[in-house]
Amino acid sequence: MLSRRLILLLQIVINAFICQAARVVLDWDIGYIQVNRDGYNNRRAIGVNGELPIPPVYVDHGDTLIINVHNSLSAPTSIHAHGIFHNGTGYHDGAAMVTQCGIPPGESYSYTIEARQVGTYWIHGHSRHQNSDGLRVPFIIREKFHQPIVDYDDEVLLYLEDWYPTESSEKMKEITEPNDNQVPPPTYPFGLINGYNGNNSEPIRFTPGKRYRMRIVSMATTEWFKVQFPGHQVEVIEADGINCVPRLVDGFDMGPGQRYSAIVTALETDAYNMPYNVTLYADFVPRINGLNPRYYQGLIEYKEGAPAKKLPLTDDKQINWANDIEMQPYDKQPALPIDRQIELTSITIDTVDKRSLRMLNKYPYTEPPVPSLFTAMTMGELALDRDVYGPQAEALILRHQEVIEVKVNNPSGLVHSFHLHGHTFQIVEYGPVDRELISIPAGLNLTTAEVPVAPIRQFHGAPMRRDTLVTPVFQYVKFRIRADNPGVWLFHCHMDTHFAAGLAVTFIEAPDVLQQRQKLPQDLQQMCLRQGIKASGNAVGNAGYDFTGLPPVPQMKKISDTSSFGNATPPSTN
């Protein structure tokens, strides 16, 4: 039993925490704006308060962030704080038709984000793939009550985007409408650094001898970024909001949605300035000089006007890239003991109505007619039955506090970047997929027997945690989570075209506990009702197992991988 003195001390600490916490309020008017971000193409985009790029969001640990969103678009919108757990407030996660209906045109809604975590995150649109059109911004939660795990003098934010010359709605039509079972022809985006063409970015200013925390955020929608700071010592200290044991690396190879922090030690002289390198690339479309990959070079400026030092290029295969299976969390949390395993396999299907779709389980994911969170909250005991969420929600029911090991198979030559809402997960193993699962993409001159067998790679010490992982080609990844955050959480590919094609499942986590602990906000329910969307019941808003009005599932013609590589070389298993 706690002594009175200890209770008093705890009350003093809690009161001090509350007194120091701030309420940060942002008013966002989300609307269309005409921009030329890549230096070549004028196009309509989505900004906030008439601005693009959107100013980065900074708060301190313990703060409460309120974002008052007004929708000035012609379509519904929503926002998601990527990496934030929303423990107890999952209805503010922002995934359209998962935890809410979209905010209709002309209406407003307020999101509350409790800054209980620290680290590097981002906020982006989660309705109709509007993040591709500019609705995305870094979100930094600074440490306030504890010393950082390493000392540094200042910090620098480096956020990266792939930017397409056409609006996302045009790209998504190619996925969702009949296309003779053909994957759309590749398009080649430009790379943006801190909001603008990578070759026109502002210099990063260093002072000799100082240490800088570089926060690197990939806000890409489809392609990968490689980032290097040649000639400098680089130590990775964070991945996706989780501090790690400092580790020397040469650079970062980042899938869409991933983030890192690194300590970059400045040189001891200002006699010359130094380049830093950013490469935008995709292994899953043909290599064309000047288009894929695209190379960008920024400047670390020690002294204005000093000459830039020229450094020889290093072969990528000799680069020591940050690798999460080799990293350890700073808190050294041990691997969770497994209660149950779930296996998911990324598959491409051709449909009778001539679409090429993707799935992780039995069906391509499609937004249900009623948000899955509303079903979980209003169906009583039936909420524990995956069927009430409809077949295309791909619901997976998790019991409260059980530990799940998820094995994600990627049997094709197409890499993916998967994000889990509401959690971080422990990455415990990479390895080769079973040979019978392998599907060779069209155009790739390779037989199953010739597919390289990747080594099995396991964690050492304590497994690194993060919220966004990359599944390499012809490999699986195993991760573990504890179901300690009752809610409805999407697990989806963060390549928007793949998400649109159905590459997602829904974790329905402890719905029985959820019903006891949380209550849906009235304004959230009313926002659905005003759009003619039911705010209770099963996937179509009916009672029990009455699915009258449920859209039919796609009729599959065959399972294949129609990814086009054109003249691309076989992907590496590194």
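Me: Why does phenylalanine 491 count as buried?

Reply: In this predicted model, phenylalanine 491 has a relative accessibility of 0%, and because buried means under 20%, the residue meets that condition. Phenylalanine 507, with a relative accessible area of 2%, is buried by the same cut-off. Both residues belong to one aromatic cluster, formed by Phe418, Phe425, Phe479, Phe491 and Phe507.

Me: What makes phenylalanine 206 and tyrosine 302 an aromatic pair, and is the pair stacked or edge-to-face?

Reply: The count of aromatic pairs comes to 13. In the pair of phenylalanine 206 and tyrosine 302, the ring centres are 5.9 Å apart and the planes stand at 90°; because pairing asks for centres within 6.5 Å and edge-to-face for planes over 60 degrees apart, the pair is edge-to-face. Phenylalanine 206 lies in the loop between strands E12 and E13, and tyrosine 302 in the loop between strands E20 and E21, so the pair ties together parts that are 96 residues apart in sequence.

Me: How do you know whether phenylalanine 206 is buried or exposed, and what of tyrosine 302?

Reply: Phenylalanine 206 has 3% relative accessibility and tyrosine 302 has a relative accessible area of 8%; since the limit for buried is under 20%, phenylalanine 206 counts as buried, and so does tyrosine 302.

Me: Why is the pair of phenylalanine 491 and phenylalanine 507 not called edge-to-face as well?

Reply: Their planes are 5° apart, with 6.1 Å centre to centre, and because planes under 30 degrees apart count as stacked, that is the term for this pair. Phenylalanine 491 is in strand E32 and phenylalanine 507 in strand E33, 16 residues apart, and the pair links distant parts of the chain.

Me: How do you know where the buried residues of helix H6 lie around its axis?

Reply: Leu524, Gln525, Met527 and Cys528 are the buried residues of helix H6, which spans residues 522-529. They cover an arc of only 155° around the axis, which puts them on the same side of H6. What covers them includes strand E6 (108-114) and helix H3 (372-378).

Me: What makes E3 and E5 the edge strands of the open sheet of four strands?

Reply: The sheet has the order E3-E8-E7-E5, with mixed pairing, and strands E3 (57-60) and E5 (79-82) each pair on one side only. The twist averages 20° from one strand to the next.

Me: How do you know that E7 and E8 pair?

Reply: Six bridges join strand E7 to strand E8, which run antiparallel; because a pair needs at least two bridges, these strands qualify. For threonine 120, the bridge partner in E8 is isoleucine 140.

Technical notes
Residues numbered from 1 in each chain as written. Predicted model: local features only at pLDDT ≥ 70, side-chain atom pairs only at ≥ 80, totals over all residues. Heavy atoms only, no water. Buried < 20%, exposed > 50% of the residue type's maximum accessible area, 1.4 Å probe, protein only. Helix = DSSP H or I, 4+ residues; strand = E, 2+ residues; numbered from the N terminus. Arc of directions from axis to C-beta. Contact = heavy atoms within 4.5 Å. Axes fitted to C-alpha atoms, helices over the stretch in contact; angles between N-to-C directions. Phe/Tyr/Trp six-rings, centres within 6.5 Å; stacked < 30°, edge-to-face > 60°.
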